[in-house]
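Reader: I have just opened a new structure and would like to learn how to read it. Could you take me through it step by step?

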Amino acid sequence: MKKNSVLIAGGGSTYTPGIVATLLANMEQFPVRQIKLYDNDEERQKVLAEACKVIVAERAPEVNFSYTTDPEEAFTDVDFVMAQLRVGKYAMREMDEKIPLKYDVVGQETCGPGGIAYGMRSIGPIIELIDYMEKYSPNAWMLNYSNPAAIVAEATRRLRPNSRIINICDMPVCLEEIMARVLKLKSRKDMEVRYYGLNHFGWWTSIVDKDGNDLMEKIKEHVSKRGYEEDYPAGQHKEESWLEAMRAAKELLEIEPTTLPNTYLKYYLLADETVEHANKEYTRANEVMDRREVEVFTTCRKIAEEGTSKGYFEVATEHSSYIIDLARALAYNTKERMLLIVENKGSIENFDSTAMVEIPCIVGKDGYEPLVMGSIPTFQKGLMEQQVAAEKLTVEAWIEGSYQKLWQAITMSKTVPSSKVAKLILDDLIEANKGYWPELK
Ligand code: NAD
Ligand code: G6P
Ligand code: MN
C-alpha cells in the first residue's frame, strides 16, 4: 500500500493532537509516511507541535514529523491537506456570538449573522490554502473542516470551481454515533442513512441496518422523549450549552415528525428560546476558551515537558476518524458511503442545482459520486431556499465588496427579525472585523 503524506493546516487547532494520534492509530488502514503541521501563528502551533513530536516518536517513530509557518515547506510533497483554520481565532468567535446577541438575535459560530461574519473572514485564507496546494502539490486533495463550511464551500465553488477540495462536517456522524448507542449497536457504521440539506441545516429521511430494516422509528421514540440526550457521559458535545441543543431535537421533531433533525436547526426554528437562554456575557466561545483550549494546551505542554504522551489522546473521536476515513476512501478506492458538502447538480431534484448541499456520496480514488435524494417537501425546501440565499449573498458580498448584499444576506437569515436589526448588527460587525473583511461599498 502506498504511504501518505498529510499536512494539517491550522496546526494550532485544538483538534490537531487528536487527529495526529488517530492517524497513528490507523496506520494499517491508512499508512502514513509523513505528517506536517502548518499555521500562521507560530507560537500557538509550537505548543501543540512539540507534543505531537513526542506522540509520533512514541507511537510511530518511522513517520517523519515537522511543523512550519512557511507555505512552500508545508505544501510541498503532500497527498492530503486536512484544513481546520479558524480565521480570527476564538477572540473573533466571541465577537460573532456577542454582537448579534446584543440585539436579541442568535449568536452562534456558524449560524445567523455570526456565521456570516465568520464566512467573510474565512473565504480569503481558504482560497489562499487552495492556491498553495495547487502550486506545490497539485495532485493533493484538501479535506476541509474549516467553518463556516457552508459559506466556504459556496466560495470555493464560485472562485476555484475545479479545485480538489472536499468540504465536510462532523455533526451528522457525531449524532449518528449517539443514535447507534441509543440502539445499542456497535457503531454508527452498522447503520446506512439517507440525509439531505445544507451544512448545519439538514434532515435524515431514512436510517436502516445492514439488512435494510428500519431503525428510524426506534430512534424517533427516543428523540421524542429526550432529543439526542443520552446517558453516555463524556465528550465535546456533552457540555451544558451543547446539551441544550441535543435536547432541542425533541421540539424539532414535533415540528417535522417524518424526518430526524440536525441539532443546528434549533438556531433557526427555535431562535427566540435560544436567545432567552443565552448568557450575553458568557457564550460558547468563552466556554471553549476556558475548557477545551486550556485543557488541550495544558496537556500538550505537559507531554512535551515529560517526554511521554501515555494516557493522553488515546481515544479516537468521530471528528478525527471521519476525516481519515475520507482520506482512506480517496487513497485506496474504498467506495465508502459518506456525507459530503457538494454541488447539488440535480441530486435534490426540486432544488437549486448550484447550491452546495450535504448529501451521501460514494467516495473512491477519482473523488465522489453523489446519490440521488429526489424531490423534497415544501417545508424543508422553503427553509433551505431562504438559507442558501443567505449563504450565496454572503459570498457575492465578499466577491463584489458589496455592503448592500451583505445587508441582504443578514436580513435573509431566519434568525434575524428585520432589515433594521440586520443593519445594526452589520455595522457593528464591520467595526469588529476591520482587517479581516474586504472593504465594503
Ligand atoms: P483553533 O482556533 O483552536 O484553531 C484554528 C487554527 O487556525 C489556529 O491555530 C489559527 O492560528 C489557525 N489559523 C487561522 N487563520 C489561519 C491562516 N490564515 N493560515 C493558517 N492558519 C490559520 O480552532 P478549533 O476550535 O480547533 O477549530 C478549528 C476549525 O475547525 C474551526 O474552523 C472550526 O469551526 C472547525 N471545525 C469544523 C467542524 C466541522 O464540522 N466542519 C468540526 C469541528 C471544528
Ligand atoms: C460541531 C460542528 C462543527 C462545530 C463544532 C463546534 O462539531 O459540526 O462544525 O465547529 O461543533 O464545537 P465547539 O465545541 O467549538 O462549540
Ligand atoms: Mn460542522
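This is a predicted model: local features need pLDDT of at least 70, side-chain atom pairs count only at pLDDT 80 or more; totals for chains, interfaces and linings use all residues.

Reader: Let us begin with the metal. Which atoms coordinate the manganese ion (ligand 3)?

Author: For a metal, look for the donor atoms and then for where they sit in the chain. Here the manganese ion (ligand 3) is held by SG of Cys169 and NE2 of His200, at 2.2 to 2.4 Å. The two residues come from distant parts of the chain, 31 residues apart. Cysteine 169 belongs to the loop between β6 (165-167) and α7 (171-182), while histidine 200 belongs to the loop between β7 (191-198) and β8 (201-209).

Reader: Are cysteine 169 and histidine 200 buried or exposed?

Author: Both cysteine 169 and histidine 200 are buried. Buried here stands for a relative accessible area under 20%.

Reader: Now ligand 1. Which residues come nearest to it?

Author: With a ligand, begin with its neighbours and then turn to single atom pairs. Ligand 1 has 27 residues around it, and Ser13, Asp39, Leu85, Tyr90 and Tyr118 come nearest. As for atom pairs, a side-chain N or O atom of arginine 86 is 2.9 Å from an oxygen atom of ligand 1. The backbone takes part in the list too: a polar backbone atom of glycine 12 is 3.4 Å from an oxygen atom of ligand 1, and a backbone N or O atom of tyrosine 145 lies 3.0 Å from a nitrogen atom of ligand 1.

Reader: How many residues are around ligand 2?

Author: There are 14 residues around ligand 2, and those that come nearest are Arg93, Asn147, Asp170, Arg284 and Arg292. A polar side-chain atom of arginine 284 lies at 2.6 Å, one of asparagine 147 at 2.8 Å, and one of glutamate 109 at 3.0 Å.

Reader: Arg292 was in that list. Which side chain does arginine 292 have a polar contact with?

Author: The side chain of arginine 292 is joined to that of threonine 14 by a polar contact of 3.1 Å. Threonine 14 sits in the loop between β1 (4-9) and α1. Threonine 14 counts as buried because its relative accessible area is 7%.

Reader: Let us move to the pockets. How much space lies in the largest pocket?

Author: The largest pocket holds about 1100 Å³ of space. Its lining has 33 residues, with Ala234, Gly235, Gln236, Val315 and Thr317 nearest the centre. Two or more residues come from each of α1 (16-25), α7, α12 (284-306) and α13 (318-332), and α12 gives the most, with seven. By class, the lining of the largest pocket divides into twelve nonpolar, eleven polar and ten charged residues.

Reader: And what lines the second largest pocket?

Author: The second largest pocket has a volume of about 800 Å³. It is lined by 43 residues, and Gln84, Leu85, Arg86, Val87 and Tyr118 are nearest its centre. The elements α4 (89-102), α5 and α12 each give two or more residues to this lining. The largest share, four residues, is from α5. The classes are 17 nonpolar, 15 polar and eleven charged.

Reader: I would like to see one residue of α5. Where is leucine 129, and why is it called buried?

Author: Leucine 129 has its place in helix α5. It is called buried because its relative accessible area is 1%. Leucine 129 lies 9.9 Å from leucine 85, C-alpha to C-alpha, although the two are 44 residues apart in sequence.

Terms used
Residues are numbered from 1 along each chain as its sequence is written. Chains are lettered from A and ligands numbered from 1 in the order in which they are written. Side-chain values use heavy atoms; hydrogens and water are left out. Donors are N, O and S atoms within 2.8 Å of the metal (3.2 Å for Na, K and Ca); water is not among the atoms, so sites may look incomplete. Buried means under 20% relative accessible area, exposed over 50%, partly exposed in between (1.4 Å probe, protein chains only). A residue is near a molecule or strand if one of its heavy atoms lies within 4 Å of it. A polar contact is a pair of N or O atoms within 3.5 Å; within protein, one must be able to donate a hydrogen and the other to accept it, and residues adjacent in sequence count only if both atoms are side-chain atoms. On a 1 Å grid over the protein atoms alone, a cavity is a set of points where a 1.4 Å probe fits but cannot get out, and a pocket is an open set with protein on both sides within 12 Å along at least five of seven lines; lining residues have an atom within 4 Å of a point. Grid points are joined across faces, edges and corners, and a volume is the space filled by probe spheres set on the points. Ala, Val, Leu, Ile, Met, Phe, Trp, Tyr, Cys and Pro count as nonpolar, Asp, Glu, Lys and Arg as charged, and the others, Gly among them, as polar.
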